[in-house]
Amino acid sequence: MRLIVTGKQGQVVSSLLERGPAASVEVIALGRPELDLADAASVRSAIAAAAPDAIVSAAAYTAVDKAECEPDLAFAVNETGAGAVAEAAGALGVPVIHLSTDYVFAGDKADPYVETDPTGPVSVYGASKLAGEKKVAAATDNHAILRTAWVYSPFGANFLKTMLRLGESRDVLRVVADQRGTPTSALDIADAVIAVARRLKADPDPALRGVFHLTGGGEGTWADFADAIFGGLKEKTGREVKVERITTADYPTPARRPANSRLSTKKLQSSYGIVLADWDASTRGVVDRLLAAGPAT
Ligand SMILES: NC(=O)C1=CN([C@@H]2O[C@H](COP(=O)(O)OP(=O)(O)OC[C@H]3O[C@@H](n4cnc5c(N)ncnc54)[C@H](OP(=O)(O)O)[C@@H]3O)[C@@H](O)[C@H]2O)C=CC1
Ligand SMILES: Cc1cn([C@H]2C[C@H](O)[C@@H](COP(=O)(O)OP(=O)(O)O[C@H]3O[C@@H](C)C(=O)[C@@H](O)[C@H]3O)O2)c(=O)[nH]c1=O
Ligand SMILES: [Mg+2]
């Protein structure tokens, strides 16, 4: 199977490039300059030339705070660009797997969000991703929109790498303990995306199409995530970094973030039989790998 993925250096695309070969999947990363999501014509021509079995729409404008002052670019990439990728998939008659986010929700629900819950983004990034979901669904029925959350990996920029980097020079870090969600490894996402792509290619069942939630097992706060990261650091190196648990009000940011980011993954489990590993086990794996590779960059 031949998979096209949008983006070149992102966490999910890098993870797919690493995981593809062992699963006998050829992964082709298409990104700037030949595929620029802000330029729909470049999307069409780059994708048509690659003749894929399925398309993974992983690239996005992901700078949550910066998006508040760059809404036009965020929407151009996350709405119009995502729609152009899905249209190209539809024109080729192949499925598109589109990555979306917990930030499409307001975060005021008491329980984990299910796929049919009303959306209500509280940030420009969340609104642009929600608009992208709608464009993807309108472009082709042959889609799976996978909403994930709190993505980390050995690649790119993410909270886990930020914590390890800050922890090199500071003994105490202040981290919010009133936003709940589930950290999700991009490597685990890559395995799931490959499994979803295979099923979509082989099986026209409408039950495999639509919106699905895809996160690691379990839940916690950003402070819990930081504790797990520094637990791994201490075990491997002896270095201790303390996490001071603070509130969102103590950590002002340009963008608002949902207090409840938890996503129920039951639909993905019942439709596809896919369940990701518990977040703390996957976190430990990525921490160990980064420490073995040398100082945080
Ligand atoms: N990161 C997270 O915590 C979460 C991410 N998601 C979603 O999952 C998906 C994957 O995220 P992740 O891998 O973390 O993303 P990253 O932030 O790691 O990478 C973003 C990717 O998008 C590419 N990109 C950005 N702008 C453009 C553009 N104009 N044209 C082409 N490519 C562009 C980047 O290109 P380049 O390679 O050239 O740098 C990069 O490959 C995204 O859709 C995101 O919205 C959902 C929930 C959480
Ligand atoms: C660095 C840092 C962050 N924080 C807080 C800010 C924020 O509430 C939380 C996480 O910080 P981040 O900047 O990683 O958060 P953010 O960039 O909002 O992460 C989001 O990215 C997008 C792309 C998504 O789709 C979401 O699922 C989510 O992963 O931790 C601290 O409390 N202390 C710190 O030292
Ligand atoms: Mg961020």
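Student: What are the ground rules?

Tutor: The model is predicted, so local features need pLDDT of at least 70 and side-chain atom pairs pLDDT 80 or more, while totals for chains, interfaces and linings use all residues. Residues are numbered from 1 along each chain as its sequence is written.

Student: In the largest nonpolar core, which residues touch the most other members?

Tutor: A nonpolar core joins buried Ala, Val, Leu, Ile, Met, Phe, Trp, Tyr and Cys through C-beta atoms within 7 Å. Buried means 20 or more other C-beta atoms within 10 Å of the residue's own, placed from the backbone. Here the core has 85 residues, and V56, V85, V193 and I229 lead in contacts with other members. Helix α7 (residues 186–202) gives the largest share, ten residues. Helices are DSSP runs of H or I, at least four residues; strands are runs of E, at least two.

Student: Why is strand β4 called largely enclosed?

Tutor: Six of the six residues of β4 (residues 96–101) are buried, so the rest of the structure largely encloses the strand.

Student: Which way do the β4 residues point?

Tutor: In a regular strand, side chains alternate between the two faces of the sheet. V96, H98 and S100 point one way, and I97, L99 and T101 the other.

Student: Which strands are joined to β4?

Tutor: Pairing takes at least two DSSP bridges. Strand β3 (residues 54–57) runs parallel to β4, with three bridges. S57 sits opposite H98. Strand β5 (residues 143–148) is also parallel to β4, over six bridges. There, H143 partners V96.

Definitions and conventions. Chains lettered and ligands numbered in written order. Buried ≥ 20, exposed ≤ 12 C-beta atoms within 10 Å, placed from the backbone.
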